[in-house]
Each structure stands twice: as C-alpha cells, then as structure tokens.
Amino acid sequence: MGNKIWLSSPHMSKEGYEMQYIQEAFDTNWIAPLGKNVDGFESELANRVGAKYAVALSSGTGAIHMALKAAGVDKGDIVFCQSLTFAATANPIIYQNATPVFIDSNYETWNMDPDALEKAFKKYPMVKAVLIVHLYGLSTDMDNIMSICNKHNATVIEDAAESLGTRYRGKHTGTFGEYGVFSFNGNKIITTSGGGMLVSNNEEKTKKVRFWATQARDKARHYQHSELGYNYRMSNIVAGIGRGQLKVLDQRIAKKKYIFEFYKKHLGQLDGIHFMPINTWNEPNYWLSCLTLSGNVKPLDIIEALEKNNIESRPIWKPMHMQPFFADYDYIGADVSEKLFENGVCLPSDTKMTDDDLHRVVNVIKKLW
Ligand SMILES: *Cc1c(COP(=O)(O)O)cnc(C)c1O
C-alpha cells in the first residue's frame, strides 16, 4: 500500500514565508494581541479579492455569525440559507436565535437555485438576509441571485469559505453581497491552522464587527460594556501563517485545476461519471474535484475502494434540511441537493499530490468499471 493520500491537507510554502512572518512576530514579542500580521493579512486579503475592508477572525463560522449580526439578523428573523452545504453555514443563524429556511440547489451550479429562491420570497416576503454558498470553489449564479435579493431588499451574505480566489465574470466571490466570508481551516485551499475573514465595503459595519469580536469594550478606561461581546479575533501568529499562504494562493489554484483536469482526462470517458459543472462565467479555484455517478458504480464503492488503498475521499455535503438538528425548519425546492448528496463524491484534491499519486487514484477507480 502506498503513502496516505489526503482529500485536502495543509500545504505550507516551500519558501518558508509563513515561518518568516511568525519569526518576526516572535522577535518583536507581538505574539498577541492582534499586531502587524493581523493588519497585514487583512489588507492583503482585501486587496487580493477587491474588497474595501477585511476583519480577521478566529474562524469562518465566527465570520458568518458576525455577518448575520451586522446584517441585523436577530431573534425570530428568517434567513434563507442554501441547504447543500457544511453545517457551519447554518449554525450561526441559530446562534442569533433566528429561523433558517433552507433553499435547494440546481444542477447547473450545484449552488442556490434562483427559481427556488423566488418561490421562497413568495412564501416569506420579509427576509433579513440570504446566505449563499460557493460550494467546492464553484461560484453561484450571482447575476440572478443578486437581482432577486435586491428586488426583495434582502442583505446577501456570501459563504465563500471554499471559494477563495474563485471569480464570477472576473469578480471575486465574496465581494458581491454586503458581506463575504472566507475560512482558513486546515482543509481549505490555504490555511492558517484555523481562522476566518469577513470582507465588506461597509466601513461602519466592519468597525462594528471588530468591536463585537473584541469583547465589545466601550471606549472607557474601566471595563464598560453596553453590548454583547465575543472573543472572535485572529491571533498575530495565526495571521502570519495567513500572510505567507496568501503568497502561494495562485500556485495552489493552478495545482487544484491541474488535479481536476487530470481526473477529467483519465476518468471522463467512464460510463455514468459527470464532473461538477464549470460554467463559462466561472473561474473556480477547484478546491475539491467532485463528480456525480449515474451508473452501476455508487459513491460508496469509490470511497471504500480508495480507503482500502490508503486514499481519502468524501461524499458530497449532506443537505441541511436532511439533518436531524434542522429537521423542523422549512425547505423550499425539489430534490436536487438530495440527489447531489446521494450520487456525489469528492475525490482527493491535495495539492501535494504527484502525478504518480494521481495515477494511483485513477487506477483504483477505473478497476470498478
Ligand atoms: C469550512 C467551511 C465553513 C467554516 O469555516 P471554519 O473556519 O471551519 O469555521 C463554513 N462554510 C463552509 C461551506 C465551509 O466549507
């Protein structure tokens, strides 16, 4: 059996950029709080995606929470949320004591279906925020989604945790809505070991998020609080890793694309394999190479065969409306997200994979046909 092949594991720069930023923090004793790396990471990331402001936070989940709070989402409010996603998208809606209504995806994008969204607005005209996701680095159909949300005066929050570097018609995902969220968790395209970022063009709201995320301390010498606070800021060490990783983001995207095209070339002819949709308006970051199956071979066959060969792969996210915890909330749409879940697989997309590793994956899968 060969070496372990991971789905998507941390990949530090070969130049050691991350350690240089960490070393500098140690040398100047800016281990904490905040500091130069946090400021640098915020402005470098904002520049990279074309947002005016960025706030570095301890996780993507925390960033989604702060975005909802900034959007004014509070007890009893309804938030439309893409059903096909990781639970971290939806959980912060509950943190705010608001009510999620889950929305189906379509096959064209795997992301929020504009028709289902229109239907949802007919049923619930008063909606504070719409939480969309750019799954696996594929962008949502932004023109359609934005025009529907604008028509209904709903604040758009983009969960771009999986899509750093992805563009829709040339513009970065995370910069269309009022708020965009990125994650630097261990399996994301770049990682800080853990962390998140909220981006926005709204200066006042980003200042407010910084305030809430540092325990909501009022301007007073004594400890004075007139609002509920959170301990959500990123540390200066963690931000140093982020600054180093940002320098190799383009390399990581190029390798992720290479992996996707490798699979497409070597597996594309197999009966019943359909790769995730790459629309003409989309330049994805190819975070994970995903496909669906319509023939005799099932996702579990692939996952188990790879597992026997020390290779990690995963099913597509299980939709939120199918989760026991969210079972009581409304769901608008058909069965697209369910079908994608039942028939989908995420293939190993680790940027450290060699061509030999990729051939190993392909050969295990081909044997099932
Ligand atoms: C990873 C991820 C998150 C959560 O980010 P964390 O930094 O792990 O809190 C949110 N949404 C999606 C779609 C993700 O994949």
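Reader: What are the ground rules?

Author: The model is predicted: local features need pLDDT of at least 70, side-chain atom pairs pLDDT 80 or more, while totals for chains, interfaces and linings use all residues. Residues are numbered from 1 along each chain as its sequence is written, and side-chain values use heavy atoms, without hydrogens and water.

Reader: Which residues of helix α5 are buried?

Author: Buried means under 20% relative accessible area, exposed over 50%, partly exposed in between (1.4 Å probe, protein chains only). Helices are DSSP runs of H or I, at least four residues; strands are runs of E, at least two; both are numbered from the N terminus. In α5 (residues 114–123), P114, A116, L117, A120 and F121 are buried. Seen down the axis, they fall within an arc of 155 degrees (directions from the helix axis to the C-beta atoms), so they line one face of the helix. D115, K119 and K122 are exposed on the other side.

Reader: What do the buried residues of α5 pack against?

Author: Contact means heavy atoms within 4.5 Å. The partners are β2 (78–82), β3 (99–103), β4 (129–133), α6 (142–151) and β14 (331–332).

Reader: Which residues come nearest to the ligand?

Author: A residue is near if one of its heavy atoms lies within 4 Å. Of the 15 residues around the ligand, T61, D159, E162, S183 and K188 come nearest. A side-chain N or O atom of T61 is 2.5 Å from a ligand oxygen. For D159, a polar side-chain atom lies 2.7 Å from a ligand nitrogen. For S183, such an atom lies 2.7 Å from a ligand oxygen.

How values were computed. Polar contact = N/O pair within 3.5 Å; in protein donor to acceptor, adjacent residues only side chain to side chain.
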